[in-house]
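Have a look at the model first, then read on.

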Amino acid sequence: FVRAIALPLSRKLGVRDKKRPKAQPNPILETFYGTRRKNPEEGELISLAKQCDLPVRKVERWFQRRRNTDRPSLSKKFCEACWRFAFYIISFFTGLAVLHDKPWLWDHRECWTGYPQQPLQPSLFWYYLLELSFYWSLVFTLPFDVKRKDFKEQIVHHAAAIFLLSFSYCANYIRIGTLVMVIHDVSDCFLEPTKIFNYMKWKKTCDSLFMIFSAVFLSSRLVVFPYTVLYNTYYYSMEIFQPFFGYYFMNALLIILQLLHVFWSCLIVHMVYKFILQGTMKKDMRSDTEESDQDEEREKMREKEKNGVMCFSNVSSNNCTQRNRSEPLNNRTHLTNGHVKER
């Protein structure tokens with residue numbers, strides 16, 4: 001999908017990668033970068049500068065460029081958002097097609113009717129297989145995907161989702177599992193196109209989709225999920241069964257998911273607050289921004305300002321000397337009408 005559809009689409013839509021200056025080969029700095037840390041402290045920068053016989057500022061810039069080299073390009077982010085958007089659309093409408101005629105979608109007490117003797121229909125099996133394979137693929141590609149600031153939370157989320165799907169399948173909590181998957185997919189269908197339009201620099205469309213995504217995410221994860229799933233597994237199940245191991249384990253996994261929902265909701269609310277104040281969505285708080293570009297631009301601006309001040313001072317001094325040399329001692333100027341004006 002990335003090679004055949006996403007990459008050609010990114011070129012047609014004008015998504016271009018910025019030219020990043022590469023760090024010069026330096027074995028000492030490369031060894032420190034690979035074995036110690038990617039962002040050295042001030043004392044370490046001074047020590048490395050002495051070892052390499054370089055100014056501290058050049059060593060700091062080398063690490064900035066080296067970190068930017070490891071950061072994903074804009075086209076890679078665009079391609080990842082494209083294929084995830086394609087999956088979420090397929091998954092969400094697959095869930096609707098599978099569940100639209102199921103009684104537990106409308107009456108949540110039906111999740112426990114006849115439990116545990118609930119037959120597994122082929123459509124539910126393939127729906128489970130689709131979702132479970134997706135989350136396993138996310139685990140396998142974590143080292144290669146775009147890394148966000150919430151990388152650890154992503155690992156916890158994927159692990160909880162896989163355990164939840166696997167345990168619900170083995171314990172025949174199929175009906176609860178299908179509700180969880182549909183609720184999660186509905187907001188993701190708006191998240192990925194928001195990223196796509198952000199990478200395309202379509203600010204107004206991106207901002208509109210972001211507000212829609214925020215409303216859908218907050219309502220589905222903080223209202224629908226607790227009422228439809230948590231209340232269902234915690235309260236409705238106790239009308240038929242007494243607590244057992246599956247009851248505690250299932251609810252523990254669901255609570256972990258809900259805590260992650262609260263964490264991401266705080267980030268989204270903070271972004272919405274900034275959006276209301278500033279009028280536009282600046283960037284994803286989970287994303288890392290490039291460092292060297294901003295620093296180099298600041299340095300260029302400072303150099304331009306210094307050069308401008310020097311040029312201005314030189315020009316003004318030259319003009320002053322020329323005027324002083326050309327002006328007569330009596331400091332008078334003859335006008336065209338023959339009058340004399342005192343300066």
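How do the residues of the lining of the second largest pocket divide into nonpolar, polar and charged?

1. The lining divides into five nonpolar, two polar and three charged residues. Here Ala, Val, Leu, Ile, Met, Phe, Trp, Tyr, Cys and Pro count as nonpolar, Asp, Glu, Lys and Arg as charged, and the others, Gly among them, as polar. A word on the source: this is a predicted model, where local features need pLDDT of at least 70, side-chain atom pairs count only at pLDDT 80 or more, and totals for chains, interfaces and linings use all residues. Residues are numbered from 1 along each chain as its sequence is written, and side-chain values use heavy atoms, with hydrogens and water left out.

2. Helix H4 (residues 56–70) gives the most to this lining, with four residues. Helices are DSSP runs (H or I, at least four residues), numbered from the N terminus.

3. Helix H4 also holds Arg66, which is linked with Glu30 in helix H2 (residues 27–35), 36 residues apart in the chain. Glu30 and Arg66 form a salt bridge, their closest N and O atoms being 3.0 Å apart. The term means a side-chain nitrogen of Lys or Arg within 4 Å of a carboxyl oxygen of Asp or Glu. The whole structure has five salt bridges.

4. Further along, helix H8 (residues 174–199) packs with helix H9 (residues 203–234) at about 170°, their axes 8 Å apart. H8 is therefore roughly antiparallel to H9 (angles over 145 degrees count as such; axes are lines fitted to C-alpha atoms over the stretch in contact, and angles run from 0 to 180 degrees between N-to-C directions). Their contact divides into 19 nonpolar, nine polar and three charged residues.

Conventions
Helix = DSSP H or I, 4+ residues; strand = E, 2+ residues; numbered from the N terminus. Parallel < 35°, antiparallel > 145°, perpendicular 65-115°, else oblique.
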